[in-house]
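Please read them with the structure open.

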Amino acid sequence: MALNVEVKNHNGRLRLMMSGRFDFNSNRNFRKAYEDGMERYATGPIELDFNGVDYMDSSALGMLLLFKERAEELDRSISLVNCQESVLEILDVVNFGKLFSIK
Amino acid sequence: MSPEKALVLEVEVEEAKKTEKTMSLARYVMGRMVRKVNVDEDLLQHWVLPAEDFSGDVVAASMTAGDRVHLMLADGTGHGISAALCMMPVSEIFYAMSGKGFPIASIARELNKKMVSLLPVDRFVAATLASIDWSNKTIEIWNGGGPAAFFVNEAGERIQTWKSKNLPIGVLSDKDFDDKVDVFHWEQGGQFFMYSDGLTEARNPADELFGSERLYQALLRADTASRFEHLKESLMAHIDAAVSDDDVSVLAVNCKTDFEGSVELEAKTKSNQAIVRGPGTWKLELKLDAADIQKIDLLPILLTWLKQCGISQKNSQRLFLILTELYNNAVDHGLLGLDSKLKTSSEGFEGYLKKRSERLSELQEASIEVYLERIKDKKEDYLFFRIKDSGPGFDFLQHFRGQVVCVDSLSGRGITLVNSLTRRMTYLEPGNEVEVEYILG
């Protein structure tokens, strides 16, 4: 299933609810969602909700790096929340915990 | 068929031909860039099962100056030609720096620096670098985003595993990059394994992954001599007729306990004696202070110098061993006051290196003087080397007496080796200065 991203307000914070496969095909959906979201909720920390993501590849990791760079330009932080075991394993191998807060 | 349709078809065929040409050129170039592994088969086994498309895996191994082999397994993001293109500088840097005698920590750092500047933000390279030193029975490893590498004993049981502790190459700035390596010392023989994620992620026709459990089980079912082949067979049986969309790369190093460094080294060096140029006598004098000692990789610089001066490959390798040993002695024992006895157990060796790096980072007010001269006349042609540290000196007589008793302990080996490779080795009072002469002719 292609990646679907919903922009939500979670206790006043921007939360991006993701579901499906987060892979090289997700580029456009993912980027559009975070650009829209950051416009609608222009300040504050951002939460990326992985609850519905069951697969992630290395291109997805690359997209996270791009997103991080974009958020940092605007002085905003990103945390990754509700990650499933399979996603956590991948984040762990590449030590993305050193770049993002993972909850 | 209408003429328009025929034209469209013709254009499509032309395009397909062009693409095919590009692909075959890329395949040729990449084939030459990667997978050239030039190490004896009884020491190193490797296997690459290529995917349909380029997957961007790079496997490289290089004998370095000194008795080591450097290994690298790197996996770039993405697939296809773009992934392969991104990987081109990786193997070049690895081979060039290994050949010059740089340690893997410096190679990892340089790779990161280079790839950060070359790659777009969303691309990176997962890589594992390892250095195997048979004469000291140690493995150094740096893993940034690669699958866990491991060491198995003769029975195939994993006794050490190295998970990735770092971000992949090409993500962090040089300032934030951590080049710390893990060090392992093997007491009992075994094998060191590295693999790409294509191995554990290979699927069978029922879409099940090979997985790390099947991998570890396969290793237990065979003895050391056939373990590698057995792993290959297990994987092939698993894949059956399924098509792999990722390269599968596996490296295994035979870690023996009875390796005689200097003997093997002699057997390995080919007879490619370089021509000695001109009258070619020279002197080289260097003085390093504490900050230099912390920062500079002196040995690659000396090795490059020797090569530039036309010293043959065989002599350069031996001189590299001699210089490494004496320089490390000057730093470790002369300046940092470390006791070799610390090294004699497995835990001790790692403890030793930890202490070394602590004391080195705290070093102040110290110096090392290095003097290298080539002396040549009608009768003889030799190198004179002297190294002096600012430490208090050590009781070399006692050291020699000690090392005769435990000749193959980790501590005594180096000096014995230097002694056997040189015409003369003399310690000067109070023991902070040593001279050697090495015959070139």
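**Notes on a predicted model**

1. Leaving out residues up to four places away in sequence, Ser196(B) touches Asp57(B), Leu73(B), Pro147(B), Asp247(B), Val248(B) and Ser249(B). Ser196(B) sits in the loop between β9 (190-195) and α4 (197-200) of chain B.

2. Is Ser196(B) buried or exposed? Its relative accessible area is 2%. Ser196(B) therefore counts as buried, since the cut-off is under 20%.

3. Look next at the polar partners of the Ser196(B) side chain. The side chain of Asp57(B) makes a polar contact with that of Ser196(B), at 3.1 Å. The backbone oxygen of Asp247(B) lies 3.5 Å from a polar atom of the Ser196(B) side chain.

4. Now the interface. Chain A puts 13 residues in contact with 14 residues of chain B. The two chains bury about 1100 Å² between them, 66% of it on carbon and sulfur atoms. On the chain A side, Leu65(A), Val93(A) and Val94(A) lose the most area to chain B, together 34% of what that side buries.

5. How many salt bridges are there between chain A and chain B? The count is zero. The rule does find four residue pairs in polar contact across this interface. Helix α2 (residues 58-73) of chain A gives the largest share of the chain A side, seven residues. That side divides into eight nonpolar, three polar and two charged residues.

6. Last, confidence. Chain A averages a pLDDT of 93, and 100% of its residues score at least 70. Among the elements of chain A, strand β1 (residues 4-10) has the lowest mean pLDDT (92) and strand β4 (residues 78-81) the highest (96).

How values were computed: Residues are numbered from 1 along each chain as its sequence is written. Chains are lettered from A and ligands numbered from 1 in the order in which they are written. This is a predicted model: local features need pLDDT of at least 70, side-chain atom pairs count only at pLDDT 80 or more; totals for chains, interfaces and linings use all residues. Side-chain values use heavy atoms; hydrogens and water are left out. Contact means heavy atoms within 4.5 Å. Buried area is the accessible area (1.4 Å probe) that two parts lose on being put together, summed over both. A salt bridge is a side-chain nitrogen of Lys or Arg within 4 Å of a carboxyl oxygen of Asp or Glu. A polar contact is a pair of N or O atoms within 3.5 Å; within protein, one must be able to donate a hydrogen and the other to accept it, and residues adjacent in sequence count only if both atoms are side-chain atoms. Helices (H or I, at least four residues) and strands (E, at least two) are DSSP runs, numbered from the N terminus. Ala, Val, Leu, Ile, Met, Phe, Trp, Tyr, Cys and Pro count as nonpolar, Asp, Glu, Lys and Arg as charged, and the others, Gly among them, as polar. pLDDT is the predictor's confidence in each residue, from 0 to 100. Buried means under 20% relative accessible area, exposed over 50%, partly exposed in between (1.4 Å probe, protein chains only).
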